[in-house]
2 protein chains.
Amino acid sequence: MEDECKPMLNTGLRGVVIADTRISDVQGAAGKLIYRGYLIQDLANNATFEEVAFLLLFEKLPNPSELKAFKNQLAAERDIPQELIAALKTRPKDALVMDVLQAGVSLLANHDPDITDQSQEAAVRMAIRLIAQFPTLLAAWDRIRNDKKPLKPSPKLDHAANFLYMLKGEEPDEEESHFMDVCLVLHAEHSFNASTFAAREVASTRAHMYASVGAAVGSLSGELHGGANMRVMEMLKKIGSVDKVEAYVNEQFDAGRVIFGLGHAVYDTDDPRAHILSPMSKRMGERIGETKWYEMSQLLENTGKDEFHKRKGKDIYVNVDFYSASLYYAMGIPIDLFTPVFAISRVSGWTAHVIEEYFAGAAPKPMLYRPESEYVGDYCGPDVCELEPLEDRG
Amino acid sequence: MEDECKPMLNTGLRGVVIADTRISDVQGAAGKLIYRGYLIQDLANNATFEEVAFLLLFEKLPNPSELKAFKNQLAAERDIPQELIAALKTRPKDALVMDVLQAGVSLLANHDPDITDQSQEAAVRMAIRLIAQFPTLLAAWDRIRNDKKPLKPSPKLDHAANFLYMLKGEEPDEEESHFMDVCLVLHAEHSFNASTFAAREVASTRAHMYASVGAAVGSLSGELHGGANMRVMEMLKKIGSVDKVEAYVNEQFDAGRVIFGLGHAVYDTDDPRAHILSPMSKRMGERIGETKWYEMSQLLENTGKDEFHKRKGKDIYVNVDFYSASLYYAMGIPIDLFTPVFAISRVSGWTAHVIEEYFAGAAPKPMLYRPESEYVGDYCGPDVCELEPLEDRG
């Protein structure tokens, strides 16, 4: 087996094409993100999260009656069992939210009647339940940890608006609902990113939908992946004001540290999603009468880019986490919910990928991800280490 | 990026060397499994699980005083919080055990004081807690679902014996404890298998130890990975008696189906662990006066191998799951605990790999696993699909 393919070791499979997919296309050089043939800009401007989730799961945009049925189905599956609320109530109030979400996914599995059904129809039903229940789970935990009663989902509200309602206890207006909806559209899917790859990897063993999505939630929690949007906001708060941005940029680069939200594993241009988020962040700041975070972000972007170019002779670009931070903050979302909000969108992409991993025509034979590694440890000589009895070990 | 390396698409990274490791070496052609320089046979014959876990975490076998300290540390960390017991009590009794275990890992994270500490020392402490607490969590759940009170761990018992005690409510004798201990040694580590790769993948985003191990548990639950040992036992029970083995083998191969426990992603010989498990399965069967399952396994191995060779002109070999099934069954372990028992051993390997992923000298720069995929879906023409307004969609 040693001859087949040896990508550069320890480079995180960067640039290595491992599978084909019909779900999305990330054209890093061109800065294009495409969900099932549609440009992200077109989707953000003209489709709701429900339409996008349908597109990801069913490979086409819904017509009006399909959309109506799908929205009804999602709304009908939003509620979470009382036993799950009871489990959440046992949790320490300072639990990391992503850990509660990861636990919650596995706990939801206990209540799904399809859990041992390996058919494609069952996988789709489980996907729809997960997409429907993520916002309820997250909002319930945020209220429980703040000693508030979790709210029942409101069937008359769309997905994004209902999430904000369950989180804050009041219905958002149209503009705020729309902004949240656009965020969910933008974050829904991004090909073989680390969390999606984790979901597919787990699904490749024929583990079920929840086991796979649980892994993805774990992966998203890392600060090099979804956790970055929290880090951006923590950074903005640490800097504190517009006049301190420039010094901060220099400090970071002097120390060889990164600036969260700048740089991406895949894009060689600005992340197309950042340009959609930026004006929403500005507008939301205006709405609450506090544009500081947006202004700091803008200056940080410009200064960071200039300084990076000056120092390294190459360019660095903003990614999706950069402006989502100040936007969510202006929407009143607690900072430690930023990554979980990413998750309630991305679960649509994860579940689509799990279904593709199970059933795609391209890989009809089950084939789990099982790479090789190169052993560079000891052998204590030419063969293997001799095992000394415990008493003789120094 | 497209030129770098293109392994065969959709082949699960089989044969693709992606990283170096100092933890274990699987020599598939030679049928050798080596943990940090030591042959698995030597470890199984001469070292306990505690020694092996120390070896995996600290890169050397412990001397007597190190072993004593490590065993004390493990014993001191065995207990699980009452709040976790309370969470388990909210679960439906028919929950899949691997789902409870995956949830349990994330729930344990909520109680770990080191959870936000990114130092190597903290990672090692979290690893030791997870290794210590997995058996307690699993035994507690098995007792709760059977309406029994979970038992406190017994500090005077070793790791394997204490697990059997907490599970069954009585202390095992020396031979049974030893057999369980050998099983834990055999299952502790196997390089970049699917669950370990999942753990490393999640850790590569700088997600914490529990998030990473939770993903691994999900991956292990799949029937193409750890779930296979349950499938082996279900198969044996379905066949029912020795005289029906031959017909079953033919039936399976005629229908193009696999025989669980035969075949492995990596070995081109018998799995070295199977030869250690087989005599233990025989002896345990004799102890309980029921050798049928062992005899069926033996005949199934021989008939399966012969028939496969006859039909395909090539060889197939037994893997680790094959004899562990009848062995665990004879030990009175419920079938749906077979894969979780695998997990309480493998957590030692997972945690060692997570620590290597975070801190190994070979990859000092954080580098998350982020492979590429090839988009083979629609573009609706040369460029991208045009987004029709909802009303116009047919």
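Me: Why does B:E176 count as buried?
Reply: B:E176 has 10% relative accessibility. Buried means under 20% relative accessible area, exposed means over 50%, and partly exposed lies in between (1.4 Å probe, protein chains only). B:E176 at 10% therefore counts as buried. This is a predicted model: local features need pLDDT of at least 70, side-chain atom pairs count only at pLDDT 80 or more, and totals for chains, interfaces and linings use all residues. Residues are numbered from 1 along each chain as its sequence is written, chains are lettered from A and ligands numbered from 1 in the order in which they are written, and side-chain values use heavy atoms, with hydrogens and water left out.

Me: What makes B:R287 and B:E176 a salt bridge?
Reply: Their side chains meet at 3.9 Å, N to O. A salt bridge is a side-chain nitrogen of Lys or Arg within 4 Å of a carboxyl oxygen of Asp or Glu, so the pair qualifies.

Me: Why does the pair B:R287 and B:E176 tie together parts of chain B?
Reply: B:R287 lies in helix α13 (residues 272-288) and B:E176 in helix α8 (residues 174-186), so the pair ties together parts 111 residues apart in sequence. Helices here are DSSP runs of H or I with at least four residues, strands are E runs of at least two, and both are numbered from the N terminus.

Me: Why does B:R287 count as partly exposed?
Reply: Its relative accessibility is 31%. B:R287 therefore counts as partly exposed.

Me: How do you know that B:R200 forms a salt bridge with B:E357?
Reply: Their closest N and O atoms are 2.7 Å apart. The pair links distant parts of the chain: B:R200 is in helix α9 (residues 194-203) of chain B, and B:E357 is in helix α16 (residues 338-359) of chain B, 157 residues away. Both B:R200 and B:E357 are buried.

Me: Which residues of chain A do salt bridges join into one network?
Reply: A:E77, A:D112, A:D114, A:D117, A:R125 and A:R129. Their salt bridges share partners. Over all chains, the structure holds 64 salt bridges.

Me: How do you know that B:D117 forms a salt bridge with B:R125?
Reply: The closest N and O atoms are 3.9 Å apart. B:D117 is partly exposed at 32%. B:R125 is also partly exposed, at 33%.

Me: What makes A:E386, A:E388, A:E391 and A:D392 a patch of negative charge?
Reply: They gather on the surface. Members of a patch have over 30% relative accessible area and no salt bridge, with like charges joined within 9 Å and nonpolar side chains (Val, Leu, Ile, Met, Phe, Trp, Tyr) within 5 Å. Asp and Glu count as negative. A:E386 is exposed at 71%. It lies in the segment after β5 (372-375) of chain A.

Me: Why is α5 of chain B called largely enclosed?
Reply: 13 of its 13 residues are buried, so α5(B) is largely enclosed by the rest of the structure.

Me: How do you know that the reach of helix α5 of chain B is close to the expected one?
Reply: Helix α5 (residues 97-109) has 13 residues and reaches 19 Å from its first C-alpha to its last. The expected span is 1.5 Å times one less than the number of residues. That expectation is 18 Å, and 19 Å is close to it.

Me: What is the phi of A:R36?
Reply: It is near 45°, a positive value in a residue other than glycine. Most residues other than glycine have a negative phi. A:R36 lies in the loop between β3 (32-35) and β4 (38-39) of chain A. A:R36 is buried at 8%.

Me: Why is A:D147 called exposed?
Reply: Its relative accessible area is 64%, so A:D147 is exposed. A:D147 has a positive phi of about 60° although it is not a glycine. Its place is the loop between α6 (120-145) and α7 (159-168) of chain A.

Me: Why is B:I128 called buried?
Reply: Its relative accessible area is 2%, so B:I128 is buried. B:I128 sits in helix α6 (residues 120-145) of chain B.

Me: What makes A:I259 buried?
Reply: A relative accessible area of 2%. A:I259 is in the loop between α12 (245-254) and α13 (272-288) of chain A.

Notes: Accessible areas come from the Shrake-Rupley method with a 1.4 Å probe; for residues, only the protein chains shown count as cover. The place of a charge is taken as NZ of Lys, CZ of Arg, CG of Asp or CD of Glu.
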